[in-house]
Amino acid sequence: MTVIANRRALLIGLGCSLIGACTPQGRSGNQQLADRPSEGGVGGTGIVGTLTSTEVLSINGLALATSGDVTVRDAFGPRRRSDLSTGQALTVEASQAADGQLIARSIAVVHPLVGPVEAVADGSIRVLGVEVEVEEGAPLVGPAGSAFRPTPGQRVAVSGLWREEGVVATRLDLLKEGNDSVVVAGELKPGASPNRPMLGSLELTLPLGAQVPPLGSYVTAIGRRAGGTLVAESIAEGRFTGAAGPLERLSVEGYLEPIDKAPGYAVAGLGHSFDKAAKLSEFAGLRALYLGRYDGDFRVELGLPLPEGLAARDALLDALEDGFAPEAAISTR
């Protein structure tokens, strides 16, 4: 693999050609753009990562504008633009304006886990049988906006990224009482039988009449827990809705997990496959940002290792917005 030595290579070489945007200086990306053109012959960009700024909608080092008709949702339904908060894990579909600005057309707040805290240890909790490492600096936010300390029995929404069988949390939200539904969102994996796949640590029972999605697909299930089973009341497959048209590029933050087919790794919990030619061994065990084209396979071209800890990671991603790329960006070809 080749280390990219040019400090501007990631944004100039990929931010403009792969991601399809060169954000103008001044970070005006959060202005309302209901009347702004979005054509230009460039397909949509899918972005999976952690929100680092709401004043300017910033994710994966990209500053995004929002159109007047942008949709914001989570697993339970529509949300407002003002509900977005730093540390949330987002899936964004964006199109490109004539001047190169990326415009968010659809924003999904992704909670890998929503459910009761089962146990608390130093720096981690357990939710729905999954060990959740709470990242240093992760906001722990109560219903009124005040900080809280996790205790068993509290119902929380976990924002963050899957890492093999666990989750690294970038934010915890303490939920109000009155709704006992649980949520698991991640990659569907083999279970004891073809009709009982695993989602997170739980065996998934589908709603009556629902077909089992393909193994390896990304699934969001809402329901109730019964022992080691998630009894789903609703289930949705896929991360993207087509709000920005067919996706041609991806920007994805995540951890790799080993798989038994080429290229030997996949992004944990993602539900999208790298193409077979990707060279990813240098990223094993690391949090990283992956950039590349998408045609049904993720044809990743660069990976950027990211530091653990919100403050350190935000500083690095802010540098991307300022037009600088760190020397640690690595070719995956």
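Strands here are DSSP runs of E at least two residues long, numbered from the N terminus. With that in hand, take Asn60, which sits in the loop between strand S2 (57-59) and strand S3 (62-74). This is a predicted model, where local features need pLDDT of at least 70 and side-chain atom pairs count only at pLDDT 80 or more, while totals for chains, interfaces and linings use all residues. Residues are numbered from 1 along each chain as its sequence is written, and side-chain values use heavy atoms, with hydrogens and water left out.

- Asn60 has a phi near 55°, a positive value in a residue other than glycine.
- Asn60 is also buried, with a relative accessible area of 4%; "buried" means under 20% relative accessible area, exposed means over 50%, and partly exposed is in between (1.4 Å probe, protein chains only).
- Leu128 has a positive phi too, near 50°, and Leu128 isn't glycine either.
- You'll find Leu128 in the loop between strand S8 (124-127) and strand S9 (130-134).
- Leu128 is buried, with a relative accessible area of 1%.
- Look at Ala262 and Pro263 for a cis peptide bond, with omega at about 10°.
- Pro263 belongs to the loop between strand S18 (247-258) and strand S19 (265-267).

**Aromatic rings**

- Searching the whole structure turns up three aromatic pairs; rings of Phe, Tyr and Trp (its six-membered ring) pair if their centres lie within 6.5 Å, and planes under 30 degrees apart count as stacked, over 60 as edge-to-face and the rest as tilted.
- Phe274 and Tyr290 have ring centres 5.6 Å apart and planes at 70°, so this pair is edge-to-face.
- That pair links distant parts of the chain, 16 residues apart: Phe274 is in the loop between S19 and strand S20 (287-294), and Tyr290 is in strand S20.
- Both Phe274 and Tyr290 are buried.
- Tyr290 also pairs with Phe283, again edge-to-face, at 5.3 Å centre to centre and 70° between the planes.
- Phe283 and Tyr290 are both buried.

**Arginines over rings**

- Arg163 lies over the face of Tyr255, at 5.1 Å from the ring centre; a charge sits over a ring if NZ of Lys or CZ of Arg is within 6 Å of the ring centre and within 35 degrees of the ring normal.
- Arg239 lies over the face of Tyr218, at 4.3 Å from the ring centre.

Note on methods
Helix = DSSP H or I, 4+ residues; strand = E, 2+ residues; numbered from the N terminus.
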